[in-house]
Amino acid sequence: MLQQLEGSRAVAETVARCRPEVVCAYPISPQTHIIEAIGAMVKDGRLAPCEFINVESEYAAMSVSIGASAAGARTYTATASQGLLFMIEAVYNAAGLGLPVVMTLANRAIGAPINIWNDHSDAMAVRDAGWIQLFAETNQEAADLHVQAFRLAEALSVPVMVCMDGFILTHAVEAVDLIDQAVVDSFLPPYEPRQVLDPDDPVSIGAMVGPEAFEEVRYLAHLRQLDALELIPSVAEEFAALTGRASGGLVHPYRLEDAETVIVAMGSVLGTIKDAVDARREAGERVGVLGVAAFRPFPVAAVSDALSGARRVIVVEKAFSLGMGGVLATDVATASPASGPDLATVVAGLGGRPITRRDVEGILERSARGTLPRLSFLNLDEDVVARERARMAASRRSGPFAENVLRDVAAGGAHR
Amino acid sequence: MTETRVHFYQVGSFAVGNRLLSDADRTVQASQERTNSLDAGHRACQGCGEALGARYALDAAMRATEGRLVAVNATGCLEVFSTPFPETSWRIAWLHSLFGNAPAVATGVAAAMRAKGRDDVRVVGQAGDGGTVDIGFGALSGMFERNDDVLFICYDNEGYMNTGVQRSAATPPTARTATSEARGPDPGNVFGQGKDLPRIAMAHDIPYVATATVADLHDLERKVERAMTFHGARYLHVLVPCPLGWGAASADTVRLARLAAESGFFPVFEAEHGVVTGVRRIRRRVGVEEYLRPQRRFAHLFAGEGRPDLVARLQALADANVERYGLAPEEE
Amino acid sequence: MFQVRIHGRGGQGVVTAAELLAVAAFDQGRHAQAFPSFGSERTGAPVVSYCRIDDHEIRTREPIDAPDAVIVQDVTLVHHVDLFGGLSPSGYVLVNTSLPLDELGLDGRVGVLPDGHVAGCPATELALAHVGRAVPNVPLLGAFCALTGEVPLGALARALRHRFTPEVAERNVAAASAAFGLVTDHEEAHRAPTA
């Protein structure tokens with residue numbers, strides 16, 4: 001039923017329909033509304049026999065999830081930002097053990113400086129952990145992806161992270177068609193674990209593996225990710241057949257048919273970019289958008305196909321690798337077709353800085369004029385940066401640079 | 001023919017041996033029904049106190065739960081020596097995740113069993129002292145305060161033995177470790193630090209807390225079985241001498257565990273809902289020196305002129321334990 | 001697309017107001033998107049929320065910097081926040097006040113708006129009278145319905161009944177209706193001489 005719902009509520013209601021058996025929760029903005037809603041449903045007895053556990057840290061949240069999943073329970077948790085980093089050892093462990101935990105990541109920046117707003121630094125930090133990472137463009141897709149996530153996770157024995165932009169999606173109220181329980185039940189069979197802690201059939205899980213077998217064990221995990229490249233689109237198609245909704249899959253191409261310039265991006269910013277592309281199309285420009293829906297495994301072939309006609313590729317991404325540049329852009333470069341389009345990276349939206357349609361049109365204009373550098377930072381106030389560099393050059397004890405910049409910005413008005 | 005004196009107290013009880021006990025009181029190890037939870041063939045050192053303690057504790061737990069048991073293990077010696085790839089010594093359902101998260105993983109297993117309606121399956125978490133009092137402490141405290149249905153067993157050998165004998169928050173004062181060398185005016189581990197985890201556990205008001213040593217395996221088994229009569233969070237802290245880390249003879253493991261208890265240096269007691277309900281009183285009190293001397297980690301206390309001042313301070317710690325728990329021998 | 005920006009302070013239901021507006025628009029078969037200013041939640045701190053209403057799917061995620069309407073839940077923000085930044089020259093302004101608007105010292109951008117596009121509403125008083133709490137958001141939404149005609153009062157009432165328990169919902173509907181009536185009367189009185 002189509003309803004006007006907060007994104008977090010839509011995700012909570014959808015996770016509930018997936019019949020989780022153990023849910024762990026440690027609160028962190030902007031994930032809180034999701035776990036609050038699920039906690040209330042468990043308290044009401046609506047999800048019985050589901051266990052809801054308020055843990056003492058994110059590290060415990062993922063650790064409890066590991067134990068519950070290894071004991072054969074369908075397990076869910078959610079986190080963001082610092083929380084993801086605090087649990088990172090267990091994040092790797094869940095994947096290494098092949099446990100199909102599903103986790104919502106309400107994407108948020110990572111400090112210092114502390115910042116509660118949206119970007120993708122958290123997801124990028126666990127890119128190599130062995131989780132499937134799916135990015136939602138809208139709250140409808142965020143909700144739908146959770147049903148597909150449990151299906152994928154349990155089919156492959158790989159944990160799945162559903163990434164949705166913190167606040168921008170989690171706290172946005174918009175129309176979402178909540179999936180019917182009967183549809184979920186037909187799409188998502190009961191969890192049949194490959195390995196389970198069972199006194200009737202005892203196994204040892206988590207043994208030490210030395211150099212004689214470690215590479216093979218890790219390679220098998222890599223193969224499961226490659227299997228996911230096959231399964232993600234077929235699960236999305238099956239989901240579309242049931243619901244009529246094109247949620248998930250590997251990539252979301254938009255107006256690529258004859259596009260010479262293609263913007264590649266992930267998450268909710270795709271909506272703004274599509275509006276900008278529509279506007280430029282009306283002005284006669286051949287531009288398009290490629291949304292990357294599955295970041296891990298990275299759909300090299302699908303991206304390569306989608307970019308095969310492009311002369312210019314612009315990756316707009318909400319994270320970067322300090323001292324290097326784009327993270328998504330590096331993968332896109334790897335996947336770029338032999339025709340070798342010009343590739344530019346625009347780091348944007350860091351720490352919640354807005355990305356507007358005007359911004360995107362400006363990027364396209366610079367690209368068309370040939371003045372878009374290989375790496376740039378959207379709306380970076382270079383004067384503020386230069387003044388802090390000057391302070392640092394002038395005095396050894398120039399002080400904490402984040403605070404200096406804040407003072408500078410406050411004195412000079414808005415940052416844009 | 002020479003005469004041999006029989007030291008009845010060597011088995012830590014008034015019995016000469018298991019065979020003189022009634023069937024019901026015999027150790028589970030005397031039964032052909034035992035599980036061999038931690039089976040032969042593992043890679044523990046000669047005289048490993050942890051292997052001995054874990055085998056007795058888990059077989060007792062298996063007996064108490066009629067085989068409906070899952071064990072969760074922290075990283076550490078026990079995990080490493082029991083699962084040398086591609087083998088495993090565990091004959092029970094067993095999961096190792098990480099060093100610091102065993103209590104939380106155990107919580108997850110217990111939650112899953114409850115959700116699946118398998119309330120008959122009980123969960124044991126186990127770790128060394130590092131995984132318990134240091135890196136796993138937050139997770140353990142969380143498991144305690146939520147009163148999750150887990151028996152957590154700490155095998156305390158008073159240091160990070162798996163990584164080469166470094167200091168933990170369970171290392172006693174003056175003990176030499178690789179990160180608390182026996183040098184300078186305050187050799188070895190310093191006074192005034194460390195955590196008394198059984199008392200911290202009691203402060204969580206959990207149903208059952210007990211300490212034990214591998215010198216009295218009947219007592220250890222009884223406490224595991226007692227723990228299994230409760231639901232909720234339970235904690236068992238077992239002193240397990242480490243020949244390698246303590247610099248002791250492999251044959252002295254049980255003797256050192258007994259001397260630790262008989263000197264009062266390691267108090268053996270049990271508590272229910274935060275209140276001490278029983279102590280294992282000392283039978284023949286010994287000074288701490290008798291316990292310390294056979295261990296090379298304390299050798300600097302006795303070399304040359306020795307450090308009687310430090311030995312006296314250690315004796316004072318033992319005396320305080322005897323006082324706190326009422327461990328003094330009964331008047332004969 | 002019609003874009004609304006709501007200014008207030010933490011605890012005044014600023015975020016809820018945008019959500020209710022979105023639900024009311026959705027009730028009318030329209031597309032709507034409500035979102036907060038994403039700050040740390042602190043009682044008394046300035047808060048902004050946004051609502052977009054359109055007849056087509058809303059894809060953009062940028063903040064609203066050129067609103068068609070601004071609702072001011074707390075006039076004490078006047079000197080701290082650029083309340084009317086980017087406001088459309090044909091936009092609307094609705095202020096929670098029991099004073100005549102010309103005594104508030106609102107800035108020049110408000111003065112040049114078309115006749116009948118600016119209104120004051122004693123929303124806190126109405127909320128106290130009808131709901132028993134000094135939360136001005138719902139009366140202001142009732143006034144918004146009257147001022148802009150963007151959402152009918154009936155749709156707002158349904159959104160309120162969807163969100164609150166029956167008793168609380170009816171009190172809020174009464175508060176919103178009272179505010180709607182006040183603004184409608186005022187507008188009519190204002191128009192009467194020229195009509």
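Two strands count as paired if DSSP finds at least two bridges between them. In this predicted model, strand β8 (residues 173–177) of chain A and strand β2 (residues 31–36) of chain C meet that condition, as two bridges join them. The two strands run antiparallel. In β2(C), A34(C) is the bridge partner of V173(A), and Q33(C) stands opposite E174(A). In general, the strands of a sheet pair through backbone hydrogen bonds, in either the parallel or the antiparallel sense.

This pairing is part of a sheet built from both chains. The sheet is open, has eight strands and shows mixed pairing. Its order is β1(A)-β8(A)-β2(C)-β3(C)-β1(C)-β4(C)-β5(C)-β6(C). Which strands stand at the edges? They are β1 (2–6) of chain A and β6 (118–121) of chain C. Each of these has a single partner strand, so one side of each is left without a neighbour in the sheet. On average, neighbouring strands of this sheet are turned by 25° against each other, direction ignored. Helix α1 (residues 14–27) of chain C packs on the sheet. This helix touches β1 and β8 of chain A, and also β1 (2–9), β2 and β3 (46–54) of chain C. The direction of α1(C) makes about 10° with that of β3(C).

The contact between chains A and C can also be described by residues. Chain A gives 21 residues to it and chain C gives 17 residues. On the side of chain A that touches chain C, β8 and α10 (269–282) of chain A are the elements that give two or more residues. Of these, α10(A) gives the most, with five residues. By class, this side of chain A has ten nonpolar, seven polar and four charged residues.

Chain C has six helices and six strands, and from the N terminus on its elements run β-α-β-β-β-β-α-β-α-α-α-α. Its C-alpha atoms fill a box of roughly 40 × 35 × 35 Å, taken along the principal axes. A compact globule of 195 residues would have a radius of gyration near 16 Å; chain C has 15 Å, which agrees.

Two helices of chain C also meet each other. The axes of α3 (residues 123–130) and α4 (residues 137–148) of chain C come within 8 Å and cross at roughly 115°. The crossing of α3(C) and α4(C) is right-handed. From α3(C), the residues A123(C), L126(C) and A127(C) meet V138(C), P139(C), L140(C) and A143(C) of α4(C). This contact has seven nonpolar residues, with no polar and no charged ones.

Chain A also touches chain B. That contact takes 37 residues from chain A and 38 residues from chain B. On the side of chain B that touches chain A, β1 (69–73), β2 (93–96), α3 (102–115) and α5 (137–145) of chain B each supply at least two residues. The largest share, eleven residues, comes from α3(B). By class, this side of chain B has 22 nonpolar, twelve polar and four charged residues.

Chain A itself is divided into domain 1 (2–243), domain 2 (251–377) and domain 3 (382–412). The C-alpha centres of domain 1 and domain 3 of chain A lie 41 Å apart.

Notes
Residues are numbered from 1 along each chain as its sequence is written. Chains are lettered from A and ligands numbered from 1 in the order in which they are written. This is a predicted model: local features need pLDDT of at least 70, side-chain atom pairs count only at pLDDT 80 or more; totals for chains, interfaces and linings use all residues. Axes are lines fitted to C-alpha atoms, for helices over the stretch in contact, and angles run from 0 to 180 degrees between N-to-C directions. Helices (H or I, at least four residues) and strands (E, at least two) are DSSP runs, numbered from the N terminus. A crossing is left-handed if the near helix is turned anticlockwise from the far one by less than a right angle, and right-handed if clockwise. Two residues are in contact if their C-beta atoms, placed from the backbone, lie within 7 Å. Ala, Val, Leu, Ile, Met, Phe, Trp, Tyr, Cys and Pro count as nonpolar, Asp, Glu, Lys and Arg as charged, and the others, Gly among them, as polar. Domain bounds come from an automatic or database domain assignment. The radius of gyration is taken over C-alpha atoms; the globule rule is 2.2 Å times the number of residues to the power 0.38.
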